[in-house]
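Work through the exercises below with the sequence and the model side by side. Try each task on your own before you read its solution.

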Amino acid sequence: MLFRSLEHGTLPTNTNDLHTDIQHIVQNSRTTILDIGGKSAMFEQVVTRETDGEPEVIVDATVTFCVMDPVAEKAVPLEGEIRAILEEVAQ
């Protein structure tokens, strides 16, 4: 199991073990688009599990991201297909 392996300072070499551990711990996750700006967007992710019949937040995060042009090394406007996808997911 992952957590037993981490206690000994090693990660499992079998990815099925890692997947099983994660499934055992994570029972629900939710990702929500919070904002879509001109060149960046923000989403929130919350992972929960049930403890004694009550949902317990394991981890939550708010992430701001952009789409980069690798040649110019700059953020590009969120428009066209990528913006349409983000807007659809946000609904």
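Two strands are said to pair if DSSP finds at least two bridges between them, and the elements themselves are DSSP runs numbered from the N terminus, with helices (H or I) of at least four residues and strands (E) of at least two. This is a predicted model, in which local features need a pLDDT of at least 70 and side-chain atom pairs count only at pLDDT 80 or more, while totals for chains, interfaces and linings use all residues. Residues are numbered from 1 along each chain as its sequence is written, and side-chain values use heavy atoms, with hydrogens and water left out.

**Exercise 1. Decide where the model may be read in detail.**

Begin with pLDDT, the predictor's confidence in each residue, which runs from 0 to 100. The chain averages 79, and 71% of the residues score at least 70. Next, compare the elements: helix H1 (residues 2–7) has the lowest mean pLDDT, 40, whereas strand E5 (residues 74–75) has the highest, 94. Finally, look at residues 1–12, where pLDDT stays under 50. Where pLDDT is low, the predicted coordinates should not be read in detail.

**Exercise 2. Which residues make up the largest nonpolar core?**

A nonpolar core is a set of buried Ala, Val, Leu, Ile, Met, Phe, Trp, Tyr and Cys residues joined through side-chain atoms within 4.5 Å. Buried means under 20% relative accessible area, exposed means over 50%, and partly exposed lies in between (1.4 Å probe, protein chains only). The largest such core has six residues, namely Ile33, Ile36, Ala41, Phe43, Leu78 and Leu86. E1 and E2 are the elements that give two or more residues to this core.

If contact means heavy atoms within 4.5 Å, then Ile36, leaving aside its neighbours within four places in sequence, is in contact with Ala41, Leu78, Arg83, Leu86, Glu87 and Ala90.

**Exercise 3. Is Asp69 buried, exposed or partly exposed, and what does Asp69 touch?**

First locate Asp69, which lies in strand E4 (residues 68–69). Its relative accessibility is 29%, so Asp69 counts as partly exposed. Not counting residues up to four places away in sequence, Asp69 touches Lys74 and Val76. Lastly, the side chain of Asp69 reaches the backbone nitrogen of Val71 at 2.8 Å.

Note on methods: Polar contact = N/O pair within 3.5 Å; in protein donor to acceptor, adjacent residues only side chain to side chain.
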